[in-house]
Amino acid sequence: MTGVLAVQGDFLEHEKALLSLGEDCFEIRKLSDLDREFDRLVFPGGESTVQSKLIKELGLFDRLKSEIERGTPVFATCAGLILLCDTISGNDGCCFRTIPADVKRNAYGRQLGSFYTEGEFKGVGKIPMEFIRAPYIKSASDDVEIMSVTDGNITGIRYKNQLAVSFHPELCDDMRIYEYFLSI
């Protein structure tokens with residue numbers, strides 16, 4: 001069972017992707033939602049500043065951070081990636097700070113800078129990648145595994161139980177990255 005953070009962003013698309021693979025999921029909107037049995041988490045794209053604020057205001061922060069630190073597998077896309085990284089380039093406004101990496105927000109520009117490409121993802125192969133106001137990872141510690149690089153920028157990483165990408169696999173029909181996540 002996968003808990004999908006549903007305070008803001010494109011959580012419904014993640015739920016549809018998971019359900020298409022036979023993975024049961026539920027939405028995390030309030031602290032009591034975390035009382036359910038689950039063995040994975042998904043943090044969707046959206047607006048990282050809003051998500052971080054709501055996570056704290058709704059009292060979700062401590063419990064979610066505890067789940068991450070105790071090893072619950074997490075899949076984070078776009079804004080979700082920003083929530084996990086240790087620093088945001090230029091400031092330290094990150095939320096969970098559970099991946100030792102520096103992320104650059106809106107690295108590809110505004111909405112008009114959004115694009116689609118295909119690229120190699122370690123352990124999965126060539127996959128479609130939809131970038132929307134996407135971040136990328138400027139740098140990461142040596143123990144962070146680089147999973148994908150797009151135009152010379154790190155766009156996918158894995159650190160222990162955390163898989164995080166700059167792009168939106170939930171907007172594509174290719175489910176292999178979800179299958180990879182579910183195998184963690």
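A polar contact is a pair of N or O atoms within 3.5 Å; within protein, one of the two must be able to donate a hydrogen and the other to accept it. Keep that handy for the exercises below, and remember that the model is predicted.

**Exercise 1. Work out where His168 sits, whether it is buried or exposed, and which side chain it makes a polar contact with.**

Step 1: His168 belongs to the loop that runs between β12 (162-165) and α5.

Step 2: check accessibility. The cut-off for buried is under 20% relative accessible area. His168 comes out at 5%, so it counts as buried.

Step 3: look for a polar partner. The side chains of His168 and Asp10 are joined by a polar contact of 3.3 Å.

Step 4: list the wider surroundings. Skipping neighbours within four places in sequence, His168 touches Asp10, Gly45, Cys78, Glu130 and Ile132.

**Exercise 2. Describe how β12 is paired and how its two faces are covered.**

Step 1: take the parallel partner. Strand β4 (residues 74-77) runs parallel to β12, and four bridges join them.

Step 2: take the antiparallel partner. Strand β11 (residues 153-159) pairs with β12 over four bridges. Here Tyr159 stands opposite Gln162.

Step 3: inspect the turn. The hairpin of β11 and β12 has two residues between the strands, and Lys160 takes a positive phi near 55° there.

Step 4: sort the side chains. In a regular strand, side chains alternate between the two faces of the sheet. For β12, Gln162 and Ala164 lie on one side, Leu163 and Val165 on the other, and all are buried.

**Exercise 3. Find the largest cavity and the largest pocket, and say what lines each.**

Step 1: count the cavities. Searching the whole structure turns up one cavity of 30 Å³ or more. The largest cavity has a volume of about 40 Å³.

Step 2: read off the cavity lining. Its residues are Ile127, Pro128, Pro169, Cys172, Asp174, Arg176 and Ile177. At least two of the lining residues come from each of β8 (125-131) and α5 (176-183). By class, that's five nonpolar, no polar and two charged.

Step 3: The largest pocket holds about 180 Å³ of space. It is lined by 15 residues, and those closest to its centre are Gly46, Glu47, Cys78, Ile132 and Arg133.

Step 4: classify the pocket lining. It splits into five nonpolar, six polar and four charged residues.

Step 5: link back to Exercise 1. Cys78 and Ile132 are among the pocket residues closest to the centre, and they are also among the contacts of His168.

Conventions:
Residues numbered from 1 in each chain as written. Predicted model: local features only at pLDDT ≥ 70, side-chain atom pairs only at ≥ 80, totals over all residues. Heavy atoms only, no water. 1 Å grid on protein atoms, 1.4 Å probe; cavity = no way out; pocket = protein on both sides within 12 Å on 5 of 7 lines; lining within 4 Å. Points joined across faces, edges and corners; volume = space filled by probe spheres on them. Nonpolar A, V, L, I, M, F, W, Y, C, P; charged D, E, K, R; others polar. Buried < 20%, exposed > 50% of the residue type's maximum accessible area, 1.4 Å probe, protein only. Contact = heavy atoms within 4.5 Å. Pairing = 2+ DSSP bridges.
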